[in-house]
Amino acid sequence: KDIQEFVQNCCLTVAKKLYYGVDEANAHNVRAINYILTDGGALSYKGGGPPTIEIGFDMNYITSFSASHSDAAAADEVYGVLCHEICHGYQREPQGAGAYDGSSEFYGYIEGMADLARLLTGGFNPVRKPSTGGSWTSGYCTTAFFYLWINNTISNTFLKDLNKTALTINPWS
């Protein structure tokens, strides 16, 4: 696969996890992704907003990870990180839920949802397991594994439903 097909496949996979249909996903209006390789800084990030987003990925991380893992594991890791960042491009943002501060409901929603998308699509390599403690507002894996539990035990459409709440609940809680 070339990089464009790789990214398009990830976009389609993530959009199917976040939305009930094509029209709903298209209404979010992501039209272009600028994918750049960086030299240091954050492992990966999503910048900007629809219609054009930017995703950066640290080459130092990729090089280091690839040196200590198989090619298949490295490809899985790149895909998993991409799924997380693509989710940020496609997910809706809750209103009135605090700031991106590491502990607010907004933060838990944003990072937990992106890591849940990663768990449901590209996963983690090496595999991560849930741990005890923390709060659903902790974000990343802590929130993602809580969301995954809800997805697996209460509603297998949880990610789509959670994403939709950003349109219907204000202030979001």
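Biologist: Why is α5 described as largely enclosed by the rest of the structure?

Modeller: In helix α5 (residues 105-120), 13 of the 16 residues are buried, so the helix is largely enclosed. Buried means under 20% relative accessible area, exposed over 50%, and partly exposed in between (1.4 Å probe, protein chains only). The model is predicted: local features need pLDDT of at least 70, side-chain atom pairs count only at pLDDT 80 or more, and totals for chains, interfaces and linings use all residues. Residues are numbered from 1 along each chain as its sequence is written, and side-chain values use heavy atoms, with hydrogens and water left out.

Biologist: How do you know that the span of α5 agrees with its 16 residues?

Modeller: The expected span is 1.5 Å times one less than the number of residues. For α5 this should be 22 Å, and its end C-alpha atoms are 22 Å apart, so the two agree. Helices are DSSP runs (H or I, at least four residues), as are strands (E, at least two), numbered from the N terminus.

Biologist: Why is Thr 168 called exposed?

Modeller: Its relative accessibility is 61%, so Thr 168 counts as exposed. Thr 168 is found in helix α7 (residues 158-168).

Biologist: What makes Trp 149 partly exposed?

Modeller: Trp 149, in helix α6 (residues 140-153), has a relative accessible area of 49%, and is therefore partly exposed.

Biologist: What makes β2 and β3 a pair?

Modeller: Two strands pair if DSSP finds at least two bridges between them. Strand β2 (residues 44-49) and strand β3 (residues 52-58) have six, in the antiparallel sense.
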